[in-house]
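Please take a moment with the sequence and the structure shown here before reading on.

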Amino acid sequence: MALAETNSTRRTHNAQERVWFERIPASYWVVGIVLLIMPAFASDFALYQVFGWTFILGMISLSLMFLGGYGGMVSLVQMSIAGLAGYMVAIFGDSAITDISMGWPWYVAIPLALIVAMFFGTIVGSLAVRTEGIYTIMITLAVAAAFFYFTRQNYVVFNGFSGFNGVLPPDLFGVDWRQSKPFYYLTLFWATVAYFSVLYISRAPFGLALQGVRDNPRRMAALGYSVNAHRIAAYAFAALIAGTGGILLTWQSAQISPGTAGIGPAIDILVIAVIGGMSRPIGPFIGAFIYVLLKTFAIDVLLSVGLSGERFQLLIGLGFLAIVFFSPDGLLGLWDRWQEYRKRDPLLDRREDMR
Amino acid sequence: MRALASRHPGWTIVILLAVAALIWLIFAIWPKGLVDVIGRKKVFLNALFNGITLGGLYFLVASGFTLIFGLMRNVNLAHGSLYLLGGYIGYFVASSTGYWLLAFPVAFVLVAAVGVLMQIFIFRRMEGQDLRQTLVTIGISIVMADLMLWGVGGDFYNITPPSWLSGPMETLLVTGVKRSSGDLIYLKYPVVRVVIFLASVVIGIAMWLILNRTQIGMMIRAGVDDRDMLSATGARIQLVFVGVFAFGAGLAGIAGVVGGTFQSVAPGEDIRFLLASLVVVIVGGMGSITGAALGALLIGLAEQFGSVYFPTYAVVLTFLIMVLVLAFRPQGLMGRS
């Protein structure tokens, strides 16, 4: 008896004594190190097009996951917010359209762009929270369409159909950030920041209250929480992430046009989040990686089986349908179920750790 | 009407004045000062008529959408694809047989059959999971759009109406006075648009009558209010679901033929009409047929007047209406809170 006691006290003592980096799970170490040394063996194309794009789409999708997974609000407007931030960087900063671009330095243009994006996100959010559930999808889809048509028609500010080109990142620290390696680390850095800030907020009082609002708005209101204020604040925070992603997206292709934030891309962001899974912040990045792989290499695969490369949409659509059909919580859901299955004792048909 | 007048006397006066002004604008010969300010009367009348007939088309698409939503809580985001499918079917039937009228029943039946398959094989399996159903409809719309692009190609198709419907007809509305002779000039308007608008009015009234005066309509209305209670009373609710889904999809198919005759059938129209019906239904109120009619009329008029008087922002105008309605009356004009 006494032996067992000392044993257990020693164990808790050990847990407290472990240094901070020992408490980080092994999977984080593996993924982190692989991502950090990736440029040593990956090609420039893979770094810039595959991983850079994955991180960017993952961030925009992460903002949707934050709203959908923790707030229960599926918003299709995130791509428009990202597009708006990209537009604002082009308008306040430098672009090839010198008539409109104001050419302000980056330390003014970028914060301003993010503020405008957050402002837009907050306004859309305050409209969208007046409704619930599937209505939110419809309203945010309509707002996304309105944004697309407005930017296409407006030539004074948004330069209409052609948009802006030549939108380049600033030459900070003497690095050309559009080279593949710097761009890879740039997107990796911001994606990591976004990932951990979502993870942190989900465990902070605000995030817990938001999840409470998702599960039972009436009870949270009775407890004295302002339901709508929490939801609108979630939209504002999601807009910040989407805006950061939008600026990086604009830098990646060096241009922004209405098509970047059209209805198709808006739905693609939802597809990415659903394929990856909306239960944890890593889901959107997994979804984005698969989406980018499909988009980059589907043409070769389709051609090899004798179909024209244009059938990419069909492939994405069928994959999306299959995921929604068989695993509504995406690939993360499949993974969780597999873990559950592995832990199950085949004879007793119950989980081992329940003993 | 009297209740409205006693409750909101100010608004009643405003509405009556607006109606009086509209009637005057339609029937009077415009004085020169007015023409200088807002342009010729012919332009105004054409925009008005185009708006009303476009509203008829929007009503055909949106009424099916709102009916399906009202009964099954299913936001069918593949509704635009059903519209486009109907348009293609109508085009091939009309151009291969030469009978324009034949396109309507064929499009209705075939698209309704697609709707039945969707309801039986997909939506019935995930009943009560609103979000999942909506996601599935997004997937279906992506797949259908690409399949149609694959099968038919990206060309524009126009469904030509038969000769007895083509060409303009004289109306009794005066657009102006000939300066030389002093004769009155009457407005000419395409026959086919008038006929199709009348047909959509007839369909709308028939739907209203079926919903409000028949046993099936009673069952559907009861299902909209409380479908669990309805199935508990022994109504075969799955049959009602399939029927309503088929009917709504079929209406979208018919609307596709109408849209192909008014404008054209092409990839991308599916998204356009999906958005139009979304906006119509949000403005008019979810699940309400009268709301869909009112919203369709409003959006059709806004789009046409917008494209005449502020051409750059015509599309944005319709979304502005939606935002205003959402801000002041989130359940829609005719919706119940």
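**Helices that cross, and chains that touch**

In chain A, helix α11(A) passes α12(A) in a right-handed crossing. The model that shows this is a predicted one, and in it these two helices pack at an angle of about 115°, with their axes 7 Å apart. That angle makes α11(A) roughly perpendicular to α12(A), because angles from 65 to 115 degrees are counted in that way. To find the place in the structure, look on the side of α11(A) for A:Ile272, A:Ala273, A:Ile275 and A:Gly276, which meet a set of residues of α12(A) that includes A:Gly283, A:Pro284, A:Phe285 and A:Tyr291. Sorted by class, the contact of α11(A) with α12(A) has nine nonpolar and three polar residues, and no charged residues.

On α5(B) the contact involves residues including B:Leu82, B:Leu85, B:Gly86 and B:Ile89, while on α6(B) B:Trp100, B:Leu102, B:Ala103 and B:Val106 are among them. By class, this contact of α5(B) with α6(B) has 13 nonpolar residues, four polar residues and no charged ones.

Still in chain B, helix α7 runs over residues 130–152, and its 23 residues reach 32 Å from the first C-alpha to the last, which is close to the 33 Å expected at 1.5 Å a residue. After α7(B) comes B:Gly153, whose phi is positive, near 90°.

How many residues of chain A are in contact with chain B? There are 30 residues on the side of chain A, and they are in contact with 29 residues of chain B. The elements that give two or more residues to this side of chain A are α6, α11 and α13 of chain A, and α6(A) supplies the largest share, 11 residues. By class, the side of chain A that touches chain B has 23 nonpolar, five polar and two charged residues.

For the complex it gives an ipTM of 0.74 and a pTM of 0.81. The mean pLDDT of chain A is 80, with 90% of its residues at 70 or more, and the mean pLDDT of chain B is 82, with 93% of its residues at 70 or more. Within chain A, confidence is lowest in helix α1, residues 2–17, at a mean of 50, and highest in helix α10, residues 227–253, at 90. Over residues 1–10 of chain A, pLDDT stays under 50, and the model has zero contacts there beyond four places in sequence. Where pLDDT is low, the predicted coordinates should not be read in detail.

Terms used. Residues are numbered from 1 along each chain as its sequence is written. Chains are lettered from A and ligands numbered from 1 in the order in which they are written. This is a predicted model: local features need pLDDT of at least 70, side-chain atom pairs count only at pLDDT 80 or more; totals for chains, interfaces and linings use all residues. Helices (H or I, at least four residues) and strands (E, at least two) are DSSP runs, numbered from the N terminus. The expected span of a helix is 1.5 Å times one less than its number of residues. pLDDT is the predictor's confidence in each residue, from 0 to 100. Two residues are in contact if their C-beta atoms, placed from the backbone, lie within 7 Å. Ala, Val, Leu, Ile, Met, Phe, Trp, Tyr, Cys and Pro count as nonpolar, Asp, Glu, Lys and Arg as charged, and the others, Gly among them, as polar. Axes are lines fitted to C-alpha atoms, for helices over the stretch in contact, and angles run from 0 to 180 degrees between N-to-C directions. Angles under 35 degrees count as roughly parallel, over 145 as roughly antiparallel, 65 to 115 as roughly perpendicular and the rest as oblique. A crossing is left-handed if the near helix is turned anticlockwise from the far one by less than a right angle, and right-handed if clockwise.
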